[in-house]
Amino acid sequence: MTTSRTVLVAIYSRFQAWNIPPANVAALREQFPQHTFLHARGNEEARELVADADILFTAVLRPDVFAAARRLQWIHSPAAGLEFILLPAVIESPVIVTNSRGLSADTIAEHVLTVVFALFRKLPMAVEAQRSREWAQAAMTADTPLRTIAGSRVLIVGLGAIGLAVAQRFAALGAHVDAVRRRPELSRPSGIDRVVTTERLLDLLPSADIVVLAAPETAVTRHLVGGHELAAMRPGAVLVNVSRGALVDEAALAVALAAPPSARPLAAALDVFEHEPLPPESPLWPLPNVIITPHVAGFRPDHWDAVCSLFAENLHRFDSGQALLNVVDKREGY
């Protein structure tokens, strides 16, 4: 007979898109009638309810909430990133942490292709010209040519589920793909020409037409791309960040993108930022060679259904004593 457990669902945010719909919590209750599901909609409620929880389903964990937990065994994140969960106390505790890595890999890979196509084909310029009823053929073909993915060289930083999905799509379109990851000794996935360590990032940047950041945020990857790395990028390169804003020194990026065209990356497509929402005073907003999206690359029509399906699979496994999916190395951060 399955042991009855208390599950606290505490997925809430000031941004509506990141709040779990009550219908999904109700569906979990129906699927697991043997368990008690509590639903916190704010920090105070989470702190009160976590005391009785065996399992915590959350994206953000405050120190006071974790300190109030008396019997917590397992934390599951609806996201891949864990920078808001891996508190020092959590790392030192015996609590198991799992995440939802891979869940949005295909969706994010499509987003990466979308923004690169848009920048290579100068679609932001076309949209601006359309608003002014201007036939902008001369402007769109001047200075830098309209470009193609085929024949381009792509550098992917991070070869987790997202990085692999991005690599597969670019390779299928005829691009040459290189990658940077922490453990290059692992087998090289098909379609990728070279895999090197993070320490060799500067060696590959000068040859890359497209640089895609898909690595987790850790102490090692924070500001992985700063002034030196941006200076090493070839003029005309495109930087895409769909992982975490902290991987990029935004101040250095703004300076690089505002430089004369002959001495700067062609453009950047940014879905994540060091501070979200991106402050109105950020120098990135007005730059014509930047596409800014509000941290939506991973959203898909069935987002919360998929998130809860993965959690439910892991809850079945937890109940039956099987190995959980996506167990996190708490000290490594992913």
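Which residues do ring pairs link into a cluster? They are Phe57, Trp74, Phe311 and Phe318, and the structure holds 5 aromatic pairs (Phe, Tyr and Trp rings, Trp by its six-membered ring, with centres within 6.5 Å). The model is predicted, so local features need pLDDT of at least 70 and side-chain atom pairs count only at pLDDT 80 or more, while totals for chains, interfaces and linings use all residues. Residues are numbered from 1 along each chain as its sequence is written, and side-chain values use heavy atoms, with hydrogens and water left out.

**The sheet**

- An open sheet of 7 strands runs in the order S8-S7-S6-S9-S10-S11-S12, with parallel pairing; strands are DSSP runs of E with at least two residues, and two of them pair if DSSP finds at least two bridges between them.
- The edges are strand S8 (194-196) and strand S12 (290-292); each has a single partner strand, so one side of each lacks a neighbour in the sheet.
- On average, neighbouring strands of this sheet are turned by 15 degrees against each other, direction ignored.
- Strand S6 (residues 153-157) runs parallel to strand S9 (residues 210-213), and 4 bridges join them.
- Isoleucine 156 stands opposite valine 212 in S9.

**A helix across the strands**

- Helix H8 (residues 161-172) lies across S6, strand S7 (176-180) and S9; helices are DSSP runs of H or I with at least four residues.
- H8 runs at about 175 degrees to S6, with axes fitted to C-alpha atoms (for helices over the stretch in contact, meaning heavy atoms within 4.5 Å) and angles from 0 to 180 degrees between N-to-C directions.

**Aromatic pairs**

- Tryptophan 18 and phenylalanine 299 have ring centres 4.8 Å apart and planes at 50 degrees, so the pair is tilted (under 30 degrees counts as stacked, over 60 as edge-to-face, the rest as tilted).
- Tryptophan 18 lies in the loop between strand S1 (6-10) and helix H1 (22-31), and phenylalanine 299 in the loop between S12 and helix H12 (303-320), so the pair ties together parts 281 residues apart in sequence.
- Tryptophan 18 is partly exposed at 29% relative accessibility, as is phenylalanine 299 at 25% (buried is under 20%, exposed over 50%, partly exposed in between, with a 1.4 Å probe and protein chains only).
- The rings of tryptophan 74 and phenylalanine 318 have centres 5.1 Å apart and planes at 25 degrees, so this pair is stacked.
- Tryptophan 74 is in strand S4 (residues 74-76) and phenylalanine 318 in helix H12, 244 residues apart; both residues are buried.
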